[in-house]
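Hi,

Here is the structure I promised to pass along. Have a look at it first, and my notes on what turned up follow below.

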Amino acid sequence: MIRCKMAIARLVACFILYSSLGHIPSSLGVILRTMDKIVWANEFEPIELTCLIESISTNNPRIEWKKIKHGVPSYVYFQNRIAGDLEHRAQLREPANILIYNTTRSDTAEYRCEVAAIDDQRDFDEILISLAVRVKPVVPRCSVPEAVTVGTSTELRCLENEGFPAPQYRWFHNSEELPQDPKNNPKFVNSSYSINADTGGLKFRRVRKEDAGEYYCLAKNDAGHAHCSPQNMEVYDVDVLGITLKSFGAGVIIFCLTAWTYHCFRHGCFHKKSHNEPDYNWPAQTNAVDYGDADEGHFRHKSSFII
Ligand SMILES: *[C@@H]1O[C@H](CO)[C@@H](O)[C@H](O)[C@H]1NC(C)=O
Ligand SMILES: *[C@@H]1O[C@H](CO)[C@@H](O)[C@H](O)[C@H]1NC(C)=O
């Protein structure tokens, strides 16, 4: 029994020794390393993607860089030249780094450094780096209702589509920033608003007289920020606006109906249509003349189908 256990232990020890030997990096193989596997850059600034060669014995290894965007690879360094998307915009730096002089948002992708060393035992290694280019927000589109009634609900909206990563939104009322949560601020404790920093919505459950004023919104991410110009929101005590609009609308409808009835009474409404009917044939007949005389009868026959 004891002998059996010892045999198993010896076997396990042997196995462990064997597998660890297999994992010791051979000094005869090419091994790559990078400073950052996930790289953030600001748009229009330079960035260097590092591809460091830890060990190699081949003198002139073959170095290639590929850009992988939406799963589609393309060469950006091939046959000792910068190529494709990065042509004239980057250079290779010792040992195998790639320096992009002026990044753009379209550089956001994965990049793969591949080194082939034919004289090495382990003759190939690659390393994948993902590059994300931050983009400053542009001026957001803000929508602020011009007039609302006290006690009703309303929503102000803000949207910015260029910024990357997607910006966070803040709202300002008469040049003062609205705290994210009014309940935590004695000055705004009676206000019913809520801000969604991700979507840009500023919602009022019940508008108060004090909520009137100028509003603007700011879109901000790590690359920068931008805001729209202030827009005024008026708050009415009663639904003056609604009443005005409704009575104005009703007036317009009554006027139109009266005018139409009067018109029908004087000229008739259905007589005119039958008067127009022969006109439908005119364009076809004009065309028939253009087509010459040979097929006139035939064409007329056809045109009756068209009509
Ligand atoms: C980077 O590129 C942008 C547009 O492509 C250009 O406006 C800007 O001047 C460039 N910046 C540098 C430092 O070359
Ligand atoms: C909020 O409402 C309470 C009760 O109506 C009032 O006493 C208080 O002054 C109000 N606070 C502000 C900042 O308007």
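Let me start with a charged cluster: Lys66, Arg112, Glu114 and Glu126 are linked in a network of salt bridges. For a salt bridge I ask for a side-chain nitrogen of Lys or Arg within 4 Å of a carboxyl oxygen of Asp or Glu.

Before you read on, some ground rules. This is a predicted model, so local features need pLDDT of at least 70 and side-chain atom pairs count only at pLDDT 80 or more, while totals for chains, interfaces and linings use all residues. Residues are numbered from 1 along each chain as its sequence is written, chains are lettered from A and ligands numbered from 1 in the order in which they are written, and side-chain values use heavy atoms, with hydrogens and water left out.

**The sheet around that network**

Strands β10 (residues 109-116) and β11 (residues 124-134) run antiparallel to one another, paired over eight bridges. Both belong to an open sheet of six strands with mixed pairing, in the order β2-β11-β10-β5-β6-β7. At its edges are β2 (38-42) and β7 (81-82), each of which pairs on one side only. On terms: strands (E, at least two residues) and helices (H or I, at least four) are DSSP runs numbered from the N terminus, and two strands pair if DSSP finds at least two bridges between them.

Strand β2 is also where you will find Ile38. Together with Trp40 and Phe164, Ile38 makes a nonpolar surface patch of about 310 Å². Ile38 counts as exposed because its relative accessibility is 62%. The scale is: buried under 20% relative accessible area, exposed over 50%, partly exposed in between (1.4 Å probe, protein chains only). A patch takes residues with over 30% relative accessible area and no salt bridge, joining nonpolar side chains (Val, Leu, Ile, Met, Phe, Trp, Tyr) within 5 Å and like charges within 9 Å. The areas come from the Shrake-Rupley method with a 1.4 Å probe, and for residues only the protein chains shown count as cover.

By the salt-bridge rule the count comes to 16.

- Glu48 pairs with Arg93, with the closest N and O atoms 2.9 Å apart. This one links distant parts of the chain, from Glu48 in strand β3 (residues 47-49) to Arg93 in strand β8 (residues 90-93), 45 residues apart. Glu48 is partly exposed at 23%, and Arg93 is partly exposed at 35%.
- Asp107 forms a salt bridge with Arg89, the closest N and O atoms being 2.7 Å apart. Asp107 sits in the loop between β9 (97-100) and β10 and Arg89 in the loop between β7 and β8, so the pair ties together parts that are 18 residues apart in sequence. Asp107 is buried, at 0% relative accessibility.
- Arg62 pairs with Glu64, with 3.3 Å between the closest N and O atoms. Arg62 is partly exposed at 47%, whereas Glu64 is buried at 6%.

**Disulfides**

How many disulfides does the structure hold? There are three disulfides, going by a cut-off of 2.5 Å between a pair of cysteine sulfur atoms.

- Cys51 is joined to Cys113, S to S 2.0 Å. Cys51 lies in the loop between β3 and β4 (52-55) and Cys113 in strand β10, 62 residues apart. The S-S torsion is about -70°, so this disulfide is left-handed. Cys51 is buried at 0%, and Cys113 is buried at 0%.
- Cys142 and Cys228 have their sulfur atoms 2.0 Å apart. The link runs from strand β12 (residues 141-143) to the loop between β20 (224-227) and β21 (231-236), spanning 86 residues. Cys142 counts as buried at 14%, and Cys228 counts as buried at 3%.
- Cys158 and Cys217 have their sulfur atoms 1.9 Å apart. Cys158 is in strand β14 (residues 154-159) and Cys217 in strand β19 (residues 213-221), 59 residues apart. With -60° about the S-S bond, this link is left-handed. Cys158 is buried at 3%, and Cys217 is buried at 0%.

Cheers
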